[in-house]
Amino acid sequence: MNSRERVIAALEHRQPDRVPVDLGASHQSGISASTLYKLRAALGLEQHAIPVYSLFQLLGLVEEDVRQALGIDVVGLFNPADMKNGVNNLTQPLTMCDGTPVLIGDNVAYGREEDGSWVIYPQGDRTARPGARMPANGFFFDALDRAQDFDEDNLTPLEDFKDSFPLLNEADCEYLHREAERLYNSTDCAVLGALGGCGLGDVANIPAPNEKQPRGIRRIEDWMMAHILYPEYIEEVFKLQSDVMLKNLEMYRQAVGDRIQLVWISGTDFGTQNGEFIRPELFRKLYKPYYAKVNQWVHQNTGWKTFYHSCGSIVGFLDDFVDMGVDALNPVQLSAKGMDARMLKDKYGGKLTFWGGGVDTQQTLPYGTPEEVRKQVLERLEILSRGGGYVFNFIHNVVAKTPVENLMAAFDAVREFNGR
């Protein structure tokens, strides 16, 4: 099998010739530009400034030479605009706090505060209040709380969120068509369409880091309480967002056709370390109908699989995920309560393709020894890969300061397992 055939087999719950591997094909299966720079050096590859495809997280673009060196089977088709600023050309130099040279969007407006922290101005407008901040010694940005007071007796969800869910335009679609064609024809990798846009209630987007003047319920604590206090507000926002998503999916289909194998729909986290964020019955009332409608459109109108990300303990939602049409689930946080690998594989292995779970990125990968990493990777592969339905990836993005020797141990373990 080539890489594309291998991933398709896994998505169809057939046993591929070897376990397919992802690194860097989405906004939740990537690697910090800082760590990627060190990894390139360890692999003996040419050193250069790392293009950053996700400004918020400072994720580095995994290029063809890295994919070849590590045996990566998936490549991401990324939108021409970052979540904060309209970005097409990754040409603006920036030096991270540890000296890593990176390239960010040429129209990103950033600045330094007196304490050395970095800030990003929404829509490149330096006269607006910054929408995100990174500490002087930090490696990713956090959205800033710029929420204004809202009138609970006069809530206006459609007005508040009218600018939060943009439609693709003609230039976007032309770019996506060209890039999808390039990736499909110049590689044999599976192509993951990183469209996004239907992360209902995603706490990365609720504060509106790219809007100059956020309006409505924008503080995370207020948003979470609104599920109980103002459920109609939540539903109006989700209806607006999912309606825009359906329009974008139609344009996306026309642009990329069958050159992608799966499409990223949502990155909303529904779990904490110890359980779900909200009651399952509330999820079924407020979230599930909109996700089901979007997934149904994908399955009725394309041959794509749907890709969802949710951190934490989400055992209580997995039957709903299956029911509403989720195909691939990332990051499979096995360190969270109730997320037992054997149980997940036995109960859901024929219904969901697990995309991740390869090694614990909270403890083992950053703080363990190479042998501990190898042991855990082999254990996870043994459980999760049987019968197909599995793509190896770490549990969420590889963060800065992760020892490169541990990364190399992880990929060596995958090669060891695949060579059996």
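**One residue and its surroundings**

Mentor: Leaving aside neighbours within four places in sequence, Asp106 is in contact with Asn89, Thr91 and Gln92, contact meaning heavy atoms within 4.5 Å. The model is a predicted one, in which local features need pLDDT of at least 70 and side-chain atom pairs count only at pLDDT 80 or more, while totals for chains, interfaces and linings use all residues. Residues are numbered from 1 along each chain as its sequence is written, and side-chain values use heavy atoms, with hydrogens and water left out.

Asp106 belongs to the loop that runs between β5 (101-105) and β6 (110-112). With a relative accessible area of 38%, Asp106 is partly exposed; buried stands for under 20%, exposed for over 50%, and partly exposed for what lies in between, with a 1.4 Å probe and protein chains only. Gln92 is 14 residues away from Asp106 along the chain, yet their C-alpha atoms are separated by 4.8 Å.

β4 and β5 run antiparallel and are joined by five bridges; two strands count as paired if DSSP finds at least two bridges between them. Within this pair, Pro93 has Leu103 of β5 as its bridge partner. Both strands belong to an open sheet of four, ordered β2-β1-β5-β4, with mixed pairing. β2 (59-60) and β4 (90-95) are the edge strands; each has a single partner, so one side of each is left without a neighbour in the sheet. Helix α2 (residues 33-42) lies across β1 (50-54), β2 and β5, and runs at about 145° to β1. Such angles go from 0 to 180 degrees between N-to-C directions, the axes being lines fitted to C-alpha atoms, for helices over the stretch in contact.

A second open sheet has seven strands in the order β3-β10-β11-β12-β13-β14-β15, and its pairing is parallel.

How is β10 placed within the structure, enclosed or open? Five of its five residues are buried, so β10 is largely enclosed by the rest of the structure. Ala190, Leu192 and Ala194 point one way from β10, whereas Val191 and Gly193 point the other way. Its pairing with β3 is parallel, over five bridges, and there Val75 stands opposite Val191. β10 also runs parallel to β11, joined by two bridges, with Leu192 opposite Leu262 of β11. Further along the sheet, β13 (residues 328-330) and β14 (residues 353-355) pair in the parallel sense over two bridges, where Ala328 faces Thr353.

Thr268 is buried, at a relative accessible area of 3%. Its side chain reaches two backbone oxygens: that of Leu200 at 2.9 Å and that of Gly199 at 3.4 Å. A polar contact is a pair of N or O atoms within 3.5 Å; within protein, one must be able to donate a hydrogen and the other to accept it, and residues adjacent in sequence count only if both atoms are side-chain atoms. With neighbours within four places in sequence set aside, the contacts of Thr268 include Gly201, Asp202, Tyr291, His309 and Ser310.

α8, together with α7 (231-256), is among what covers the buried residues of α6. Those buried residues of α6 (residues 220-229) are Asp222, Trp223, Ala226 and His227. They cover an arc of only 160° around the axis, which puts them on the same side of α6; the arc is that of the directions from the helix axis to the C-beta atoms. On the other side of α6, Ile228 and Leu229 are exposed.
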